[in-house]
Amino acid sequence: MSATRACALSELVQDEARRVEIDGVAIAVVLDGNGDVHAIGDLCTHGDISLSDGFVEGETLECWAHGSAFSLKTGRPLNLPAYEPVPVYEVVIDGDDVLIDPSVTKATA
């Protein structure tokens, strides 16, 4: 599979998450305060809550229900109650298009 258009860059609001679905995969797309676009799995690993309804702070996305914050770069939870990471997807910007391939996750250290 190749990268698919998730949304327009101009549709993203800085420091807010937007939920998109590509081939049945729910993804939270975030334009952070530095202007970088991130794509992580949209479901909190603690309670299957949509992370895109959460709060963006710096390079983290916090689940609104129980407060677990996930790194937008690695997908790792930074605090409990979540202890499993969410997937992180490669983002390609092509003009105003945000492209994501949900079948390929980024390798994180």
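**Entry 1. Contacts along the chain.** I began with the contacts between residues at least 6 apart in sequence; 39% of them join residues at least 24 apart. I note here that the model is predicted.

**Entry 2. Elements and overall dimensions.** I looked up the secondary structure next and found nine strands and zero helices. From the N terminus on, the order reads β-β-β-β-β-β-β-β-β. The radius of gyration is 13 Å, close to the 13 Å given by the globule rule for 109 residues, so the protein is as compact as a globular protein of that length. I also recorded the span of the C-alpha trace along its principal axes, which is about 40 × 25 × 25 Å.

Entry 3. Buried residues account for 43% of the 109 residues.

**Entry 4. The hairpin of strands 2 and 3.** I examined how strand 2 (residues 17–22) is placed against strand 3 (residues 25–31), and found antiparallel pairing over six bridges. Ile-22 has Val-25 of strand 3 as its bridge partner. Two residues stand between the strands of this hairpin, and Asp-23 takes a positive phi near 50 degrees.

**Entry 5. Val-20.** I stayed with strand 2, in which Val-20 lies. Is Val-20 buried or exposed? Its relative accessible area is 7%, and a residue under 20% counts as buried, so Val-20 is buried. Leaving out residues up to four places away in sequence, I listed what Val-20 touches: Ala-6, Cys-7, Val-25, Ala-26, Ile-27 and Val-29. Strand 3, which covers residues 25–31, pairs with strand 2. I also checked Ala-39, which is 19 residues from Val-20 along the chain; the two C-alpha atoms are separated by 9.6 Å.

**Entry 6. Ser-68.** I then looked up a loop position. Ser-68 is placed in the loop between strand 6 (60–62) and strand 7 (69–71). Ser-68 is buried, as its relative accessible area is 0%. Which residues is Ser-68 in contact with, leaving aside neighbours within four places in sequence? I found Leu-61, Glu-62 and Cys-63, together with Asn-79, Leu-80, Pro-81 and Ala-82.

Technical notes:
Residues are numbered from 1 along each chain as its sequence is written. This is a predicted model: local features need pLDDT of at least 70, side-chain atom pairs count only at pLDDT 80 or more; totals for chains, interfaces and linings use all residues. Side-chain values use heavy atoms; hydrogens and water are left out. Helices (H or I, at least four residues) and strands (E, at least two) are DSSP runs, numbered from the N terminus. The radius of gyration is taken over C-alpha atoms; the globule rule is 2.2 Å times the number of residues to the power 0.38. Buried means under 20% relative accessible area, exposed over 50%, partly exposed in between (1.4 Å probe, protein chains only). Contact means heavy atoms within 4.5 Å. Two strands pair if DSSP finds at least two bridges between them.
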